[in-house]
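The following exercises concern the structure shown below.

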Amino acid sequence: MSDRTSKKTAQTSPASAAKAGVGDKKVTILGAGKIGFAMAVLLQAAGGYQLRIADQSKAQLKAAAALGLETVHIGKGGDLLPAVQGQFAVLNALPFHMAIEVAGVAAAHGVHYFDLTEDVQSTHAIRKIAAKAGSVLMPQCGLAPGFIGIVGNDVAQHFDTLHDLKMRVGALPRYPQGSLRYNLTWSTEGLINEYINPCEALVDGQPLTVHALEGLETFALDGIEYEAFNTSGGLGTLTETWAGKARNVDYKSIRYPGHCAILKILLNELKLRDKRELLNEIFDNAIAATRQDVIVIFASASGYKGERLMQESYSARIVGTTVAGHALTAIQLTTAAGICCALDLVASGVLPQKGFIAQESIGLADFLANRFGQYYRVQDLNASLAA
């Protein structure tokens with residue numbers, strides 16, 4: 001995949017997108033919440049797809065209908081077939097526990113499937129479904145997992161011998177307050193999932209499961225102090241991709257200092273890790289949500305280039321923006337852009353047309369050249385700075 005191909009595929013106008021192979025393919029967005037709505041805004045503004053959006057919430061569908069989109073109400077029985085059948089692709093923005101079911105329905109009807117799940121077990125199950133599918137099944141298409149895997153894989157390939165690959169991402173409030181120094185910017189259920197579930201890593205060349213909230217480290221980026229610690233799901237399939245080729249590969253979430261210590265008290269000492277529904281309720285009632293957020297991305301790799309030990313890094317800081325008159329937060333923008341880019345690259349033939357596709361199958365240059373990937377590129381601070 002060359003830079004020329006990427007730019008031809010996805011840049012600029014709806015007309016050029018159609019000529020590149022996108023056309024007017026029928027796409028369903030499952031879930032009309034914050035991220036689903038952001039997907040709809042980005043795809044509608046870019047053009048090239050016939051969109052419909054499906055949800056159980058009539059209120060959320062009303063907001064989507066105001067965009068001029070076809071809407072499908074999913075009844076209490078949760079029958080997904082009317083929303084999926086006959087479509088080119090389905091973008092799943094439903095809670096992570098729906099991923100396996102939706103992927104199965106999509107595969108059974110030859111529909112390409114994309115999702116945002118951070119849930120490791122769901123991804124493993126989808127991979128098994130994809131082995132016999134005639135369509136693409138591509139989970140983990142958001143920010144982390146998603147874009148961070150594309151960045152990490154790109155940085156890692158710059159070395160003849162890779163020692164360590166570290167990936168760090170934070171979805172943070174721009175104006176933190178309180179002891180946690182945190183505000184809710186996305187799914188509370190997904191956040192708790194990351195804080196509790198086991199984490200995959202390569203340690204001394206061996207694939208291991210490590211505990212969430214461990215591996216605490218502190219660092220400064222652009223003059224701001226952060227901490228980072230193990231969280232689940234962010235690596236995607238990179239431990240498999242780099243098994244036998246790297247010494248250490250890990251992923252950690254970025255927070256402001258002090259966050260991890262309080263979480264350990266809540267989850268371990270007060271044993272709220274065993275009461276997820278209660279923890280979800282506490283977070284929703286006690287931690288304010290915010291639309292004033294920032295995404296911090298940092299990936300670094302070290303190893304040998306020739307006979308010299310080198311380190312190389314990538315960092316970006318992304319805030320929200322307005323698209324087609326709609327204000328999108330940083331987490332809405334980055335998450336929606338990631339999955340829309342994956343859809344574009346499949347629709348235009350840049351990526352394979354069936355089976356399981358890992359995020360690192362996308363080249364960083366292809367992603368950033370894409371009309372949706374550009375939302376990452378324009379705020380990039382210092383991509384691939386050699387140290």
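**Exercise 1.** Determine whether Gly-104 is buried, partly exposed or exposed.

*Solution.* Step 1: in this predicted model, Gly-104 is found in helix 6, which covers residues 99-108. Step 2: the relative accessibility of Gly-104 is 25%. Step 3: the partly exposed class lies between the buried class, under 20%, and the exposed class, over 50%. Gly-104 therefore counts as partly exposed.

Step 1: Gly-104 and Ile-126 are separated by 22 residues in sequence, and their C-alpha atoms lie 7.7 Å apart in space.

**Exercise 2.** Classify Ser-232 as buried or exposed, and state which residues it touches.

*Solution.* Step 1: Ser-232 belongs to the loop that joins strand 11 (224-230) and helix 10 (238-241). Step 2: its relative accessibility is 3%. Buried means under 20%, so Ser-232 counts as buried. Step 3: leaving aside residues up to four places away in sequence, Ser-232 touches Glu-118, Val-120, Asn-193, Glu-194, Asn-197, Pro-198 and Cys-199.

**Exercise 3.** Describe the order of the strands in the open sheet, and identify the edge strands.

*Solution.* Step 1: the open sheet is formed by 7 strands with parallel pairing, in the order 3-2-1-4-5-6-17. Step 2: strand 3 (70-73) and strand 17 (355-356) each pair on one side only, and these are the edge strands. Phe-114 has Met-138, in strand 6, as its bridge partner.

**Exercise 4.** State how much space lies in the largest pocket, and describe its lining.

*Solution.* Step 1: the largest pocket holds about 840 Å³ of space. Step 2: 39 residues line this pocket, and the closest to its centre are Ile-35, Ala-93, Leu-116, Trp-186 and Ser-187. Step 3: among the elements that give two or more residues to the lining are helix 3 (34-46), strand 5 and helix 13. Step 4: sorted by class, the lining comprises 18 nonpolar, 14 polar and 7 charged residues.

Key:
Residues are numbered from 1 along each chain as its sequence is written. This is a predicted model: local features need pLDDT of at least 70, side-chain atom pairs count only at pLDDT 80 or more; totals for chains, interfaces and linings use all residues. Side-chain values use heavy atoms; hydrogens and water are left out. Two strands pair if DSSP finds at least two bridges between them. Helices (H or I, at least four residues) and strands (E, at least two) are DSSP runs, numbered from the N terminus. On a 1 Å grid over the protein atoms alone, a cavity is a set of points where a 1.4 Å probe fits but cannot get out, and a pocket is an open set with protein on both sides within 12 Å along at least five of seven lines; lining residues have an atom within 4 Å of a point. Grid points are joined across faces, edges and corners, and a volume is the space filled by probe spheres set on the points. Ala, Val, Leu, Ile, Met, Phe, Trp, Tyr, Cys and Pro count as nonpolar, Asp, Glu, Lys and Arg as charged, and the others, Gly among them, as polar. Buried means under 20% relative accessible area, exposed over 50%, partly exposed in between (1.4 Å probe, protein chains only). Contact means heavy atoms within 4.5 Å.
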